[in-house]
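Please keep the sequence and the structure in view while reading.

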Amino acid sequence: MSDAQLPSSSLPRGPHELELEMLDLRPALEAVLMVADQPLDHLTLAQAVGHPPVDVQEALEALAAEYDEQGRGFELRPIAGGWRYYTRENVAAAVERFVLDGQQARLTQAALETLAVVAYRQPISRSRISAIRGVNVDGVVRTLVTRGLIEEAGQDAESGALLYRTTSYFLERMGLGSLDEMPEIAPMLPELDEMEDDLFAPATPPTAAAAPDPGPDPDGTPGEATEETPVPEPEVEPAESDDDVDRGAHA
């Protein structure tokens, strides 16, 4: 019997020829999300499970609400334009102990500071980051790029320097849906008036010491009061100008 005479159901099919089956929607979504290594949007999930995108979106929201109501050890979150499973916060310590086993590869303080500068001032060049932090940041920037937390974002129109911005992986690691959800940085800074008071407060000159009593004259009469010798005031280094301070704070 030739291939043409064989029933179509018995012919082998390649992976690209697999037909989508109408699987039970919720279990199918859970299975796909369980193996995903990044957030998946409802359109991608709809293609994977063979259901309309509208039904997939409703099912995702229902699953997330169901997990919250049941108090599961995991939750389904909309993150960085997609959906992904996350460990629930109240049991995260157990997972951390199991996975890390005391070997945490944390970012250094320098890397965290640099990442914060990029997050709040992006897109930004390395020279601008260095000016804000006051140190060379080439090595730290390379580390953040390698870890996938920041990426190149074109070139500066004036200087031609490479610009950097945060990635979707940064949003994922921070648990943010978008950069709009980042906390305001202004409330964490001291008031400008207080900074100016500290920077430009005049130095207080030392109080002149009174001249000692010369004691009685050789003839026994009390000594006459002598005029105090003025003590020269110390030179005060002029404070930085407003332009200098502004350049240091906003470079």
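The points below are grouped by topic, from the chain as a whole to single residues.

The model is predicted. The chain holds 10 helices and five strands. Of its 251 residues, 22% count as buried. Among the contacts in the chain with a separation of 6 or more, 46% are accounted for by residues 24 or more positions apart.

**The hairpin of β1 and β2**

- Strand β1 covers residues 74–79 and strand β2 covers residues 82–87.
- The two strands form a hairpin, with two residues between them.
- Ala 80 lies in the turn of this hairpin and has a positive phi of about 50°.
- β1 and β2 run antiparallel and are joined by six bridges.
- Within this pairing, Arg 77 stands opposite Arg 84 in β2.
- Arg 77 also lies over the face of Tyr 86, at 4.4 Å from the ring centre.
- β2 is largely enclosed by the rest of the structure, because five of its six residues are buried.

**Aromatic pairs**

- A search of the whole structure finds three aromatic pairs.
- In one of them, the rings of Tyr 67 and Phe 74 have centres 4.9 Å apart; their planes stand at 65°, so the pair is edge-to-face.
- Here the angle decides the class, because planes over 60 degrees apart count as edge-to-face.
- Tyr 67 is buried, with a relative accessible area of 0%, whereas Phe 74 is partly exposed, at 28%.
- Phe 74 also pairs with Tyr 85: the ring centres are 5.4 Å apart and the planes are at 85°, so this pair is edge-to-face as well.
- Phe 74 belongs to β1 and Tyr 85 to β2, so their pair ties together parts that are 11 residues apart in sequence.
- Tyr 85 has a relative accessibility of 15% and counts as buried, because the term applies to values under 20%.
- Through these ring pairs, Tyr 67, Phe 74 and Tyr 85 are linked into a cluster.

**The sheet of three strands**

- Three strands form an open sheet in the order β3-β5-β4, and their pairing is antiparallel.
- The edge strands are β3 (124–125) and β4 (150–155), each of which pairs on one side only.
- Helix α5 (residues 109–121) packs on the sheet and touches β3, β4 and β5.
- The direction of α5 makes about 95° with that of β5.
- Strand β5 (residues 162–166) pairs with β4 in the antiparallel sense over four bridges.
- Glu 152 stands opposite Tyr 164 in β5.

**The packing of α5 and α6**

- Helix α6 (residues 126–133) packs with α5 at an angle of about 115°.
- The axes of α5 and α6 are 10 Å apart.
- On the α5 side, the contact is made by Ala 110, Glu 113, Thr 114, Val 117, Val 118 and Arg 121.
- On the α6 side, it is made by Arg 128, Ile 129, Ile 132 and Arg 133.
- α5 passes α6 in a right-handed crossing.

**Thr 166 in β5**

- Thr 166 lies in strand β5 and counts as buried, at 9% relative accessibility.
- Leaving aside residues up to four places away in sequence, Thr 166 touches Leu 115, Val 118, Ala 119, Gln 122, Leu 149, Ile 150, Glu 151 and Leu 179.
- One of these contacts, Val 118, is also among the α5 residues that make the contact with α6.
- Thr 166 and Leu 144 are 22 residues apart in sequence, and their C-alpha atoms are 9.4 Å apart in space.

**Leu 171 in α8**

- Leu 171 is found in helix α8 (residues 168–174) and counts as buried, at 11% relative accessibility.
- With residues up to four places away in sequence not counted, Leu 171 touches Ile 79, Ala 80, Leu 176, Gly 177, Ser 178 and Leu 179.
- Ala 80, one of these contacts, is the residue with a positive phi in the turn between β1 and β2.
- Leu 179 is touched by Leu 171 and also by Thr 166.
- Leu 171 and Glu 181 are 10 residues apart in sequence, with 9.6 Å in space from C-alpha to C-alpha.

Terms used:
Residues are numbered from 1 along each chain as its sequence is written. This is a predicted model: local features need pLDDT of at least 70, side-chain atom pairs count only at pLDDT 80 or more; totals for chains, interfaces and linings use all residues. Side-chain values use heavy atoms; hydrogens and water are left out. Two strands pair if DSSP finds at least two bridges between them. Contact means heavy atoms within 4.5 Å. Axes are lines fitted to C-alpha atoms, for helices over the stretch in contact, and angles run from 0 to 180 degrees between N-to-C directions. Rings of Phe, Tyr and Trp (its six-membered ring) pair if their centres lie within 6.5 Å; planes under 30 degrees apart count as stacked, over 60 as edge-to-face and the rest as tilted. Buried means under 20% relative accessible area, exposed over 50%, partly exposed in between (1.4 Å probe, protein chains only). A charge sits over a ring if NZ of Lys or CZ of Arg is within 6 Å of the ring centre and within 35 degrees of the ring normal. A crossing is left-handed if the near helix is turned anticlockwise from the far one by less than a right angle, and right-handed if clockwise.
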